[in-house]
Amino acid sequence: MKNFGLNELREMYLSFFETKGHLRLPSFSLIPRNDPSLLLINAGMSPMKTWFTGEEEPPRRRVTTCQKCIRTPDIENIGKTARHGTYFEMLGNFSFGDYFKREAIHWAWEFLTSPDWVGIDPDRLYPSVYLDDDEAWNIWHNEIGIAPERIFRFGKEDNFWEHGSGPCGPCSEIHFDRGEKYGCGKPDCKPGCDCDRFMEFWNLVFTQFDGDGKGGYTRLANPNIDTGMGLERLACLMQGVDNLFEVDTVRNIMLAVSEKANVKYGEDEKKDISLRVITDHIRSTTFLICDGVVPSNEGRGYVLRRLLRRAARHGRLLGIKGTFLADIVPVVARENFSEYPELTEKLDYIQKVVAIEEERFAATIDSGLDILDSMIKETKTAGADTLPGEDVFKLSDTFGFPVDLTREIALEAGLGIDEAGFEALLAEQKKRARAARAAMGDLGWT
């Protein structure tokens, strides 16, 4: 199997769908446009919602993109596993009332198996379809030529895309067999198994219904196609590596962090966690700042601040003295230059924002860490398993120590935190602040 670089795969995908009449569009900003339901773009189709619903006319009925995405719900798992990441790129080809299942399936198969393109051995690919989607099953079997025992039917949880009410439909996922060494050893191991052998990497969504959110579905007059394939995941398969941190462009960023910390990846699991956290978070923050997000205490600005401060703290755990994150930003820009030259164009600005935020955090982190360490020891000495809400509040209010960082460090020490106690004290503080402003006549402050 050919070994393609991540940047090479991105260009190959977009070029392939241009040959199929698709309009190639650059990635949309990570900041959603006129969509209050989203804090940050988290999927390839998210910026195109109005084109799918018909509220706006798309620039062409066929579009292809590689979309920057940010997802942070499982941020606590970043670094602890080699799979999780907050930043990723999603390859997609989209049809707005134009082609449908046949073309989507045929083109996916051509891109993946043709020696002119990716050239994957067809015997390593296994499609799945929605339970009663005979149309998709027949295309895979009768037209593509996949044997019946290699096509898997799964239920709604795996192969039906819907989000509340609105456009929805069945999916067809493509799985890659990574080999027996990744398997569970069970004789019935197959796509859908919980082990790491069969990796799902491309999801073809056939948006053919309008759902009412209560189980009722009306067929759309003009069904759509929405596909999504993780670029880093495809690169993992093509480069024969186990996780996204070993993909060429990401690995080069992590090597820069390793050099800064004077540690080698793969020799110490705790240090590996910190290397992965920093690598992931500096990728995310570089793209967020480039797209106009600035650190703040709420909304997407808080997401950025949290990512930067988590990365800075893990730099301390690696023994890095002083600030360092701004020095890694040029590596992120270099590794992504072919598709995102704006990172280099805005490099000085991005580095400045990163440096200022890290310097601000550095002023509080050392004293805060020392105090938190003492609080953790006192809690354990007392035989308790929860850090008192008063301690959590004191760290936040007096020392500016973020509560999520307190929670994370306490968890590493085997403790929980008194969330309810902290929230109650925070509410009291806000109440006192409002009363004080009222007593002063507010002075127009907010």
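A polar contact, as the term is used here, is a pair of N or O atoms within 3.5 Å, where within protein one atom must be able to donate a hydrogen and the other to accept it. Bear in mind throughout that this is a predicted model.

Begin by selecting S95, which lies in strand β3, residues 87–96. Its side chain reaches the backbone nitrogen of D98 at 3.1 Å, and the side chain of S95 also reaches the backbone oxygen of Y99 at 2.9 Å. S95 has a relative accessible area of 0% and is therefore buried. Leaving aside residues up to four places away in sequence, S95 touches F52, R61, N224 and I225.

Next, select T207 in strand β8, which spans residues 198–211. T207 counts as buried because its relative accessibility is 5%, below the 20% cut-off. With residues up to four places away in sequence again left out, T207 touches F100, P167, C168, G169, L220, P223, N224 and D226.

Now turn to the nonpolar residues. The largest nonpolar core has 111 residues, and those with the most contacts inside it are F111, W140, F201, W202 and L325. Helix α12, residues 347–381, supplies the largest share of this core, with 10 residues. Select F111 and display its surroundings: not counting residues up to four places away in sequence, F111 touches M12, Y13, F16, W117, V118, G119, W202 and M229. Finally, select L25, W51, F52 and F94, which are among the 8 residues of another core lying apart from the largest one.

Technical notes. Residues numbered from 1 in each chain as written. Predicted model: local features only at pLDDT ≥ 70, side-chain atom pairs only at ≥ 80, totals over all residues. Heavy atoms only, no water. Core = buried A, V, L, I, M, F, W, Y, C linked by side-chain atoms within 4.5 Å. Buried < 20%, exposed > 50% of the residue type's maximum accessible area, 1.4 Å probe, protein only. Helix = DSSP H or I, 4+ residues; strand = E, 2+ residues; numbered from the N terminus. Contact = heavy atoms within 4.5 Å.
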